[in-house]
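Please find below some notes on the contacts in this model.

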Amino acid sequence: MLEARKFAAEFLGTAILVIIAVGVATENFGFKLFGGSIAAGVVTTALAFGMVLTALAYAFGSISGCHVNPAVTLGFMASGRMKVAEGIGYMVAQVAGALAGALVLWGIFANVPGYNRNVQGLGADGYGQYSITHLNQAGAFITEVVLTFVFVTVVLFATHKAAIQGAAGLAIGMALVVVHLIGIPLTGTSVNPARSLGPAIVLEGHAISQVWLFIVAPLVGALLAGLVHYLFTVSKTEDAEVAA
């Protein structure tokens with residue numbers, strides 16, 4: 001029963017993340033609601049991702065930890081803070097939640113006059129001609145690895161038992177804002193394979209052909225973050241034992 005509650009929280013949390021944050025991204029860059037300033041669209045979208053994650057962290061954190069991101073879950077697994085079987089269950093729930101959220105969002109926008117998923121899209125990530133800065137594939141891969149490493153590292157250390165209690169949600173939300181501020185003009189910012197895969201499945205076309213990068217690169221970054229966290233926390237434990 002406890003596992004089912006955790007998986008349900010991950011499903012619902014990821015769905016909400018996609019509906020709200022990807023919804024704002026679509027309004028800004030699909031419907032051009034940012035007016036003449038792309039920077040305004042970047043800032044409001046970054047804030048949407050960070051603020052909704054902060055809210056979700058405090059809402060579902062006590063149930064599942066509120067990963068709502070396969071990269072975060074992999075980071076916990078790589079750092080030894082989560083069992084593999086449970087982690088796989090989290091990932092399945094997250095991907096299912098992202099797809100459900102993308103379908104709900106598509107259903108909402110489909111009722112807007114003139115909406116076309118091939119024109120306004122659904123907040124999909126991309127590189128090359130689908131990047132605001134036309135970042136190439138290699139650059140996009142490096143970007144997603146680095147940004148995911150930064151984000152997952154913050155998550156792991158902010159939720160560690162030695163961290164300031166009660167501050168994790170705010171730290172994690174701010175970290176997501178920051179990586180989006182730099183990442184949106186480059187790749188649209190994934191750092192979350194589920195967030196990218198859900199909309200890509202709905203959109204098909206170039207979104208689905210490029211989505212592999214936004215699955216693989218974030219997972220690589222998360223794995224590195226998990227290993228770094230493990231090394232730091234193990235070293236800290238050993239230092240404490242020597243000092244004692």
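Which residue forms a salt bridge with Arg117?

1. The partner is Glu204, and the closest N and O atoms of the two are 3.7 Å apart. A salt bridge here is a side-chain nitrogen of Lys or Arg within 4 Å of a carboxyl oxygen of Asp or Glu. The pair links distant parts of the chain, 87 residues apart: Glu204 sits in the loop between helix H7 (193–203) and helix H8 (205–210), and Arg117 in the loop between H4 and helix H5 (137–158). Glu204 is partly exposed at 45% relative accessibility, and Arg117 is partly exposed at 27%. The cut-offs are under 20% relative accessible area for buried and over 50% for exposed, with partly exposed in between (1.4 Å probe, protein chains only).

2. On the basis of these values: this is a predicted model, in which local features need pLDDT of at least 70 and side-chain atom pairs count only at pLDDT 80 or more, while totals for chains, interfaces and linings use all residues. Residues are numbered from 1 along each chain as its sequence is written, and side-chain values use heavy atoms, with hydrogens and water left out.

3. The whole structure holds three salt bridges. One of them joins Lys6 to Glu86, with the closest N and O atoms 3.0 Å apart. Lys6 is in helix H1 and Glu86 in helix H4 (residues 84–109), 80 residues apart. Both Lys6 and Glu86 are buried.

4. Arg195 forms a salt bridge with Asp125, the closest N and O atoms lying 3.5 Å apart. Arg195 belongs to helix H7 and Asp125 to the loop between H4 and H5, so the pair ties together parts 70 residues apart in sequence. Both Arg195 and Asp125 are buried.

5. There are seven aromatic pairs (rings of Phe, Tyr and Trp, its six-membered ring, with centres within 6.5 Å; planes under 30 degrees apart are stacked, over 60 edge-to-face, the rest tilted). Among them, Phe31 and Tyr115 are stacked, at 5.9 Å centre to centre and 25° between the planes. Phe31 is partly exposed at 24%, whereas Tyr115 is buried at 13%. Phe31, Phe109 and Tyr115 form one aromatic cluster.

6. Helices H1 (residues 2–29) and H2 (residues 38–64) pack at about 170°, their axes 9 Å apart. H1 is therefore roughly antiparallel to H2. The angle classes are under 35 degrees for roughly parallel, over 145 for roughly antiparallel, 65 to 115 for roughly perpendicular and oblique for the rest.

Conventions
Axes fitted to C-alpha atoms, helices over the stretch in contact; angles between N-to-C directions. Helix = DSSP H or I, 4+ residues; strand = E, 2+ residues; numbered from the N terminus.
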